[in-house]
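Subject: Structure handover

Dear colleague,

Here is the structure I promised to pass on. My notes on it follow below.

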Amino acid sequence: MSKRLTLLPGIALILILFLIPVGIVFQQGLFDPAFTIEHFTRFATRGAYMRIFWNTLQVSAVVALACLLIGYPIAYFIVRQPTARRPFLMFLVLVPMWMSILARTYAWMVVLGKEGIINQTLIALGIIDTPIQMLFTTGAVYVGMVQIMLPILIVTCFSSMTEIDQSLLRAARIMGASPRKAFREVFLPLSAEGAITGTLIVFILSMGFFIVPALIGGRKDTMMANVISGQVSQTNWGFAAALAIVLLAATLLILTLVRGASAKLVHHHEEAH
Amino acid sequence: MQGSRIHFEKVTKSFGTAIALSDFNLDIAPGEFVTLLGASGSGKSTALNILAGFSDATSGEVYIDGRPMTGVAPENRNVGMVFQNFALFPHKSVAENVAFPLKMRKVPRAKIERRVKAALEMVRLGEFAARKPAVLSGGQRQRVALARAVVFEPPVLLMDECLSALDLKLREELQDEIRRIHREIGTTVLFVTHDQTEALTMSDRIAILEGGKIVQIDAPEALYDRPRTRFVADFIGQSNMFDLATVQNGQADVPDMGITIPVVDANAVAISLRPERIRVVLGDAPADKSVFEGVVEDETFFGPVVAQTVRLASGRVLDVRSQRSGHDRLPHAGETIRLAFDPADAAPLAAD
Ligand SMILES: Nc1ncnc2c1ncn2[C@@H]1O[C@H](COP(=O)(O)OP(=O)(O)O)[C@@H](O)[C@H]1O
Ligand SMILES: [Mg+2]
């Protein structure tokens, strides 16, 4: 009984900070003032909005996978270091997170711009004559977002990797597994769940990304959050809410699908043999 | 199947300035069961890890069947190992765990199934094949680890304190099981423990480790009857140790006892006497030179055996264990007791 009571403030907090705002969004999107799906039809029938929606999905997926491909090996590398050296390396991974996303995105403008470090260096070295267009491209969005998300994935992977008992790898080796086989048979399956979780977190956060595409992306790199913000500033609350609902639904759907698929995969792996 | 011969030749291992093994020499015959016995930190795991290929010796060489092992990866040594924490793969079923070494050796599937089944039956876990390690008890996990380590019939089997996590009854049960399996498959076993009883009951030979060195290696009986240093005498069983005064012409004084005994070993500085080797001299038996006296200070009754502590005139205290069947009446606490022993039962100790 007392345990339930102690949970009460937490539940109240979730209610106030999460459920009520989401409820308001739903109300805004679906009632005007009577029940209507007008906003959703507008979203579905205008090609531009659908295109932005697909673009958001695609960018988020690419960023999440890129973070996995870059971050997993980094986490693996750090975990293989002597225990005493790990905290410092993790510190280095986390340092960028102390800076605001806005500041980091502006920094990318300095790096990627026409007068930026990369272009100037390449020109100075005589490799190119005229600056390459890097800023305001899709590539810039990917680079900026991956840079921001990478620590999250590394931390998630790292913490699941540190929980793997090192003697399991030794056991695999002494039983005849090469280092590669030991990795594939033991380390990979045991770190997969953390990796999938990290990738999903990055994906979810990317779906709501806003600053990076707005500042260093091109016109066609607009994401859902940019449109929502634009609609809000034009006080089209209803349409903005409808877009937010679509974004939320899509995120939840993909989350469920990936979770289901990965559970099946792990299960299948266990059943195999 | 034939076990391998194992040979450690002048192996040393240091971690920075810390020396984990120094001048470690050990020759194990094919099929022999040898135990490394020593306190925590004495270098037991280090020796095992070097043999398994998990770490390299700083100097020296390990041979398996005469083949030097430096540069041979663990997976190419054909060695079975049971880890202290069992190291079962949590994401694999019991059967998959046991199948692992066979799978790595690309044994055909049908044969894998047959051998996994046989191995699980050997450790009486046939019906647990499909379970995950997480749902098994400690003893069952230990058995799975054992089955997994021997399923590919390795000519060498290493076990690192693999029973110490289990309670006494289970431990004794598994000791029997390990001995049975050793007899059945004839593999060479290098067993590590810090439990002397376990070492005494299981081994063909026991190597006592101290500070990264083997201080004595012998069959359990010889180790118990003839410890060569104070450390060993103290480490294995209970022992009364007495300094010797100058050894001359095969005779030495034992100042604490006030007697002179024949001592063959000219290098002996002390003797070790097991409590059960000391005889109580009853009645008016003639007091020859080998009899000495003390006062019973304390006694503990164990039924067939009585343990007494006796204070000698010199102030030294010694432990005596007597079978009650041989005596009508032993002196009780506070009474004078006359003691003697066969000098052949006194193990001469060299300086540590
Ligand atoms: N990886 C290591 N780094 C530093 N010192 C170590 C390492 N492994 C073992 N040692 C040291 O070597 C000595 C022997 O260790 P170990 O072989 O594990 O002993 P045991 O298994 O007999 O308890 C100990 O003093 C231990 O602290
Ligand atoms: Mg150890």
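Between which two helices of chain A does the loop with Pro33(A) lie? Pro33(A) sits between helix H1 (2–30) and helix H2 (38–45) of chain A. Helices here are DSSP runs of H or I with at least four residues, strands are runs of E with at least two, and both are numbered from the N terminus.

Before the rest, the conventions. This is a predicted model, in which local features need pLDDT of at least 70 and side-chain atom pairs count only at pLDDT 80 or more, while totals for chains, interfaces and linings use all residues. Residues are numbered from 1 along each chain as its sequence is written, chains are lettered from A and ligands numbered from 1 in the order in which they are written, and side-chain values use heavy atoms, with hydrogens and water left out.

Chain A

The peptide bond from Asp32(A) to Pro33(A) is cis, with omega near -10°. Another backbone point is Phe136(A), which is not a glycine but has a positive phi, near 60°. Phe136(A) is in the loop between helix H6 (117–124) and helix H7 (138–162) of chain A. Its relative accessible area is 44%, so Phe136(A) counts as partly exposed (buried is under 20%, exposed over 50%, partly exposed in between, with a 1.4 Å probe and protein chains only).

Leu112(A) belongs to helix H5 (residues 101–112) of chain A and is buried, at 8% relative accessible area. Leaving out residues up to four places away in sequence, Leu112(A) touches Ile118(A), Asn119(A), Met134(A), Leu135(A) and Ala140(A) (contact means heavy atoms within 4.5 Å). Leu112(A) and Ile132(A) are 20 residues apart in sequence, and their C-alpha atoms are 9.0 Å apart.

Chain B and ligand 1

The residues surrounding ligand 1 are Phe15(B), Ala20(B), Ala39(B), Ser40(B), Gly41(B), Ser42(B), Gly43(B), Lys44(B), Ser45(B) and Thr46(B), each with a heavy atom within 4 Å of the ligand. Helix H1 (residues 44–52) of chain B gives the most to this shell, with three residues.

- a polar backbone atom of Ser42(B) is 3.2 Å from an oxygen atom of ligand 1;
- a polar side-chain atom of Ser45(B) is 2.7 Å from an oxygen atom of the ligand;
- a polar side-chain atom of Thr46(B) is 2.4 Å from an oxygen atom of the ligand.

Ligand 1 taken alone exposes 560 Å², and the protein buries 56% of that (Shrake-Rupley method, 1.4 Å probe).

Helix H5 (residues 168–185) of chain B has 18 residues and spans 26 Å from first C-alpha to last, close to the expected 26 Å (1.5 Å times one less than the number of residues). Its buried residues include Arg171(B), Leu174(B), Glu177(B) and Ile178(B). Among the elements that cover the buried residues of H5(B) are helix H3 (109–122) and helix H4 (138–150) of chain B. Just after H5(B), Gly186(B) has a positive phi of about 65°.

Arg143(B), in helix H4 of chain B, is buried at 9% relative accessible area. Arg143(B) touches Val123(B), Arg124(B), Leu125(B), Glu173(B), Leu174(B) and Glu177(B), again not counting residues up to four places away in sequence. Of these, Arg124(B) is in the loop between H3 and H4 of chain B and has a positive phi of about 55°, although it is not a glycine.

Regards

How values were computed:
A polar contact is a pair of N or O atoms within 3.5 Å; within protein, one must be able to donate a hydrogen and the other to accept it, and residues adjacent in sequence count only if both atoms are side-chain atoms.
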